[in-house]
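This report covers the chain interface, the sheet and some local backbone features of the model shown below.

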2 protein chains.
Amino acid sequence: MSSARTYPQLQLRIDLAPGVRFGPGKADLLEGIDTLGSIAGAGRLMRMSYKRAWELVGELNRCFDAPLVDASKGGSGGGGASLTPLGKKLLKSYRAMQAAAQTAVGREMNQLRRRVGQPAAG
Amino acid sequence: MSSARTYPQLQLRIDLAPGVRFGPGKADLLEGIDTLGSIAGAGRLMRMSYKRAWELVGELNRCFDAPLVDASKGGSGGGGASLTPLGKKLLKSYRAMQAAAQTAVGREMNQLRRRVGQPAAG
């Protein structure tokens with residue numbers, strides 16, 4: 001679910017509200033929920049506490065005009081959860097934006113790549 | 001120096017090394033150094049401690065094959081600092097990538113904009 005770790009690597013961050021950001025971490029969390037059908041499970045996969053994963057989902061849900069994650073099937077014991085149509089749309093849109101941005105900045109990133117990762121002497 | 005705060009807002013983040021990121025904050029810091037000729041001054045403008053501003057500059061300098069900021073003119077008392085050619089290049093390149101990415105994802109962002117900022121009922 002995470003991209004291969006090569007540097008430099010471009011990531012998109014979407015500021016949704018003051019202090020609330022949607023970036024690769026939350027995208028992976030949504031993807032994990034979609035795949036595993038569980039907020040707790042998706043959080044575990046990302047080495048995130050159960051509490052933290054729920055907080056992030058709540059924070060995201062509050063930024064939109066409809067929830068992104070439907071956890072009504074699950075209880076605090078870790079029942080099921082799924083992405084709503086809006087959640088799926090956001091995830092798909094984020095991945096599409098990432099790909100479009102990557103293409104748009106390819107040349108600049110290649111130039112940057114030649115200067116990164118070789119520490120300055122002295 | 002900061003962009004107007006409208007939401008959602010796209011930001012580029014470039015992962016330079018594990019745990020080291022270049023994004024809007026560090027771009028503004030470099031821009032501040034370029035404008036003010038002082039790391040301490042640029043940090044103050046961003047409500048960042050003197051120590052923190054220097055740490056960020058040091059962290060960035062170590063990621064590239066040459067320094068981004070030349071602070072040799074200044075001492076701990078807050079002497080002058082300037083961007084090196086590579087520092088200017090990185091800042092210019094980051095702003096260009098931001099503009100290119102923004103254009104590339106314009107349509108997706110507009111769709112997203114319609115769903116953000118109107119909290120779900122209940």
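Helices (H or I, at least four residues) and strands (E, at least two) are DSSP runs, numbered from the N terminus. This is a predicted model, in which local features need pLDDT of at least 70 and side-chain atom pairs count only at pLDDT 80 or more, while totals for chains, interfaces and linings use all residues. Residues are numbered from 1 along each chain as its sequence is written, chains are lettered from A and ligands numbered from 1 in the order in which they are written, and side-chain values use heavy atoms, with hydrogens and water left out.

Pro8(A) sits in the segment before S1 of chain A. The peptide bond leading from Tyr7(A) into Pro8(A) is cis, with omega near -10 degrees. In chain B, Pro8(B) is likewise in the segment before S1, and a cis peptide bond with omega of about -5 degrees joins Tyr7(B) to Pro8(B).

## Sheet across the two chains

An open sheet of 4 strands runs in the order S2(A)-S1(A)-S1(B)-S2(B), with antiparallel pairing; two strands count as paired if DSSP finds at least two bridges between them. Strand S2 (20-22) of chain A and strand S2 (20-22) of chain B stand at the edges, each with a single partner strand, so one side of each has no neighbour in the sheet. From one strand to the next, the twist averages 40 degrees. For such angles, axes are lines fitted to C-alpha atoms, for helices over the stretch in contact, and the range is 0 to 180 degrees between N-to-C directions.

Helix H1 (residues 24-36) of chain B packs on this sheet, where it touches S1 of chain A as well as S1 and S2 of chain B. The direction of this helix makes about 65 degrees with that of S2(B). Contact here means heavy atoms within 4.5 Å.

Between the chains, strand S1 (residues 9-17) of chain A and S1(B) run antiparallel and are joined by 7 bridges. One residue pair is Leu10(A), whose bridge partner in S1(B) is Ile14(B). Within chain A, S1(A) and S2(A) pair in the antiparallel sense over 3 bridges, and Asp15(A) has Arg21(A) as its bridge partner in S2(A).

## Interface

The contact takes 41 residues from chain B and 41 residues from chain A. The area buried between them is about 3,400 Å², with 61% given by carbon and sulfur atoms; buried area is the accessible area (1.4 Å probe) that two parts lose on being put together, summed over both. In chain B, Arg13(B), Asp65(B) and Arg115(B) lose the most area to chain A, together 19% of what that side buries.

The rule finds 2 salt bridges across the interface, a salt bridge being a side-chain nitrogen of Lys or Arg within 4 Å of a carboxyl oxygen of Asp or Glu. One of them joins the side chains of Arg115(A) and Asp65(B) (2.8 Å, N to O). The elements giving two or more residues to the side of chain B that touches chain A are strand S1 (9-17), helix H4 (85-104) and helix H5 (106-113) of chain B.

## Loop between H2 and H3 of chain A

Arg47(A) belongs to the loop between helix H2 (39-45) and helix H3 (50-63) of chain A. Arg47(A) has a positive phi of about 55 degrees although it is not a glycine.

Met48(A) is in the loop between H2 and H3 of chain A. Not counting residues up to four places away in sequence, Met48(A) touches Leu29(A), Gly43(A), Ala53(A) and Leu56(A).
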